[in-house]
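Hi,

Here is the structure I promised to pass on. Have a look at it first, and then read my notes below.

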Amino acid sequence: KYTCVADFAAASQEELEQDIRSTGFYRNKAKNIRGAAQRIQEVYGGVVPDTMADLLTLPGVARKTANCVLGTAFKDPMGVVVDTHVGRIARRFGFTREQDPVKVERDLMKLFPRRDWVYLSHAWIDHGRAICTSRTAKCSECSFAGMCPQRVEGRRR
C-alpha cells in the first residue's frame with residue numbers, strides 16, 4: 001500500500017491512523033510519518049537524508065531514530081541507539097550510571113568500537129525485550145549471567 005515516500009505523504013491522516021492503529025500512539029505517529037514524508041519530498045527530493053543534522057529536521061525524528069537510520073540503513077553509525085532496553089542493560093552491567101539517553105550513548109560510544117555500535121544496539125534491544133526485562137529478568141536463561149554484576153548467587157538483587 002505504501003511503496004514510497006510519496007504514498008505516505010499523500011495518505012490522509014485518518015487512513016494512516018487506521019493502518020498503524022495497532023502500534024499504539026497511532027495518531028501522533030501518523031502525523032509524524034506524514035510530516036516526515038512530506039518534508040522528505042519537498043526538501044530532499046523524495047530521498048531519505050543521510051546525515052544526522054538533516055534527519056533531525058524531520059517530524060518525529062530524534063537522536064535514537066536518526067542513529068538507527070544512519071547505522072542500519074546507511075551503514076554509517078554516528079552513535080549507539082539508546083532505548084529503554086539499552087539504557088537498562090548498560091546500567092545493570094555498570095557501563096554507565098546515567099539515566100539520560102544522550103549521556104548513556106556518550107558513555108557507550110567511549111567503551112565500544114564504532115564498528116560494533118549497530119550490532120550492540122540491536123542485540124541489546126532484543127536481549128532487553130526477551131531476557132533482561134525490567135520487572136522479571138530471566139537470569140536463569142541469560143548467557144551473560146555469570147558476568148552480570150546485578151546477579152548475586154543465582155538471584156537478581
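This is a predicted model: local features need pLDDT of at least 70, side-chain atom pairs count only at pLDDT 80 or more; totals for chains, interfaces and linings use all residues.

The buried set in helix 3 is Y26, A30, G35, A36, A37, I40 and Y44. Helix 3 itself covers residues 26–44, 19 residues in total, and spans 25 Å from its first C-alpha to its last, close to the 27 Å expected at 1.5 Å a residue. Just past the end of helix 3 sits G45, with a positive phi of about 60°.

Now for the other end of the chain. The largest nonpolar core has 15 residues, and V80, V82, V86, L108 and W124 have the most contacts inside it. Helix 6 (84–92), helix 7 (101–111) and helix 8 (117–130) each give at least two residues to this core, with helix 8 supplying the largest share, 4 residues. Leaving out residues up to four places away in sequence, V86 touches V80, V81, L108, S121, W124 and I125. There is also a second, separate core of 12 residues, with V5, A37, L55 and V61 among them.

How do helix 6 and helix 8 pack, and at what angle? Their axes lie 8 Å apart at about 85°, and an angle from 65 to 115 degrees counts as roughly perpendicular, so that is what helix 6 and helix 8 are to each other. On the helix 6 side the contact uses H85, V86, R88, I89 and A90, which meet S121, W124, I125, H127, G128 and R129 of helix 8. By class, that makes 5 nonpolar, 4 polar and 2 charged residues.

Cheers

Note on methods. Residues are numbered from 1 along each chain as its sequence is written. Side-chain values use heavy atoms; hydrogens and water are left out. A nonpolar core is a set of buried Ala, Val, Leu, Ile, Met, Phe, Trp, Tyr and Cys residues joined through side-chain atoms within 4.5 Å. Buried means under 20% relative accessible area, exposed over 50%, partly exposed in between (1.4 Å probe, protein chains only). Contact means heavy atoms within 4.5 Å. The expected span of a helix is 1.5 Å times one less than its number of residues. Axes are lines fitted to C-alpha atoms, for helices over the stretch in contact, and angles run from 0 to 180 degrees between N-to-C directions. Angles under 35 degrees count as roughly parallel, over 145 as roughly antiparallel, 65 to 115 as roughly perpendicular and the rest as oblique. Ala, Val, Leu, Ile, Met, Phe, Trp, Tyr, Cys and Pro count as nonpolar, Asp, Glu, Lys and Arg as charged, and the others, Gly among them, as polar.
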